[in-house]
Amino acid sequence: AQYVLLKYDTCCCGICRLLGFDNYDELREIINELNSEIRRQTNDERGLPRLAQLHSRVDKEEEFRRDTYLTHLRNNSSCGSHCLRMLLSAHNDPAFRSPCQHEGPELGAGEVPRTMEQLVRDAHDRKTKKSDWHHTCESCGAPRGRGGQSNVLMCTHCEAVVHPACLATWHNDQPSKGNDGTWTCPMCVRDIDDVLHASGCSECDEAGYITSDVNLGIDLLARLEAPSSAASSPSPSSSSSSSSPSSFRRVAASEMLRARLASFLEKESKYHGHLIQDRNQAVFKGTVLQNMGTSSFYLLVDYWAKLGSVKPGGAACCEGDSVGISAHGSMFVYKNPTKAEREAISLQHEGVDWPEYPKSPEEGGSAFCEEHAAAYCDDAKQDQFHTKSVMEATIAPFARARPWLGLSRCSFAQSDNASNYRDPTIEVDCGPLGTRCFSVAGMGKDEGDGNGAVNKRQLWAMRDGPQGLAFMCAADYTPASKTLETTG
């Protein structure tokens, strides 16, 4: 296995590239252009305050999200930025509602907000009625009956109401169709969450501090632009007549930069959500490793490249060029047998070459063994039949070489939710696989992504470097891949 700090060229996760690496580069460009505009407005007398320090903070923030941030996330935590249960739960959807079981922080925010039923009963000694809630929608401000929408959702903890149609555009946390009709507004959900998650994290909060400082810089630029924009704007007497077919105004640099910063913030929020979901998807592996026996393994699979090699066809019309090669990665993790377990395995299965394996745990070896395998195929379709064939061709020799791991339906596999991995023939033809986990697309595959991307970069170096290797078909990649093998 090969491990490096994830960077643009060593991570083949498209979501990380778009919402993470590319987006941080956009923030750096915003900062540089902001500095240039401030210098232009002040005739180079001054630029953006603490420019070098701000760039350094962006670099550290990007590295933190790629590396240390994932270690902050816990299933239960009194810090709202760390608590997976809170971050991934939907308060208004019973199917995704998972109340936190941990205790609150030492300096908590107080008691759980009281419900409307409790408030009305204590104040008026009666049950609630519709008139206890506001008469206008919290989102659009229109009366309850606007456009025939007589039904509104009423908050369980305050007087807020909202039209169901407005809620779809106002906030993502919506009641499901199977809900009991109750709804809690975002402000009350925040207050409920704050009771158990009142503590913060300076590292996780740094992202907000950075964008706040950039916003202050944009505010400074807007104030510097104000006199010049007022002087350049046409007076009412000199402006074109109302019969003019069109009119326009020059957009200030501060407006453009503020719009770009808003776009950055939206992508940054999605990137943080991607990392949180990705960390949660990895929980499956942790659960498997905690409960896995000696006779089973964990398997993570994914396609990590479509390589653009071209193999010329033959003379016959049916022998056309083969365009595109699929590279499929598999990561196997299994328990490193103890000395006693190795003796028992050797009695049952002859020919196991234990010197090829790490030392046993008692001798200082690791608790688990991890192996990565790459499969190359001239067919780049990656459809159901292709995926099943590649997985079968990878798992079968792995199990033959480690016969104690080949028991039927005892092992675990994880892949994304693409239809090619959900094909039922995989269970039929890949005998060792039992329980399978289908991750959200793009989630839970960091280890496979990182290893595959490192291999791809090194293969490209062999192709484009002094060696000048020619990769025409899948068979050409096999000897080159063997040179990338590492142990450790």
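This is a predicted model: local features need pLDDT of at least 70, side-chain atom pairs count only at pLDDT 80 or more; totals for chains, interfaces and linings use all residues.
Side-chain values rest on heavy atoms, with hydrogens and water left out.

**The chain as a whole**

You will find 15 helices and seven strands in the chain; helices (H or I, at least four residues) and strands (E, at least two) are DSSP runs numbered from the N terminus. Of the 488 residues, 39% are buried, where buried means under 20% relative accessible area, exposed over 50%, and partly exposed in between (1.4 Å probe, protein chains only). The chain exposes about 26,700 Å², with carbon and sulfur atoms supplying 52% of that area; accessible areas come from the Shrake-Rupley method with a 1.4 Å probe, and for residues only the protein chains shown count as cover. Among contacts (heavy atoms within 4.5 Å) between residues at least 6 apart in sequence, 70% join residues at least 24 apart.

**Helix H2 and its partners**

Helix H2 covers residues 51-66, and its 16 residues reach 23 Å from the first C-alpha to the last, close to the 22 Å expected at 1.5 Å a residue. That expected span is 1.5 Å times one less than the number of residues.

Axes are lines fitted to C-alpha atoms, for helices over the stretch in contact, and angles run from 0 to 180 degrees between N-to-C directions.

| Pair | Angle | Axis separation |
|---|---|---|
| H1 and H2 | about 170° | 11 Å |
| H2 and H9 | about 30° | 11 Å |

H2 is thus roughly parallel to H9, whereas H1 and H2 are roughly antiparallel to each other. Angles under 35 degrees count as roughly parallel, over 145 as roughly antiparallel, 65 to 115 as roughly perpendicular and the rest as oblique. Towards H9, the residues Glu-61, Arg-65 and Arg-66 of H2 meet Tyr-271, His-272 and Leu-275. On the H1 side, Phe-21, Tyr-24 and Leu-27 are among the residues that meet H2, where Leu-51, Leu-54 and His-55 are among the partners. The loop between H1 (14-41) and H2 holds Asp-44, which has a positive phi of about 65° although it is not a glycine.

**Helix H10, a two-sided case**

In helix H10 (residues 283-291), Phe-284, Lys-285, Val-288 and Leu-289 are buried. They cover an arc of only 130° around the axis, so they lie on the same side of H10; the arc is that of the directions from the helix axis to the C-beta atoms. On the other side of H10, Gln-290 and Asn-291 are exposed. An α-helix has 3.6 residues a turn, so residues three or four places apart point the same way.

Which loop holds Cys-430? Cys-430 is found between helix H13 (425-429) and strand E7 (433-439), and it is buried, with a relative accessible area of 2%. Leaving aside neighbours within four places in sequence, Cys-430 is in contact with Met-391, Glu-392, Ile-395 and Arg-409.

Arg-409 is found in the loop between helix H12 (384-401) and strand E6 (411-416). At 40% relative accessibility, Arg-409 counts as partly exposed. Arg-409 also has a positive phi, of about 60°, although it is not a glycine. Most residues other than glycine have a negative phi.

How values were computed
Residues are numbered from 1 along each chain as its sequence is written.
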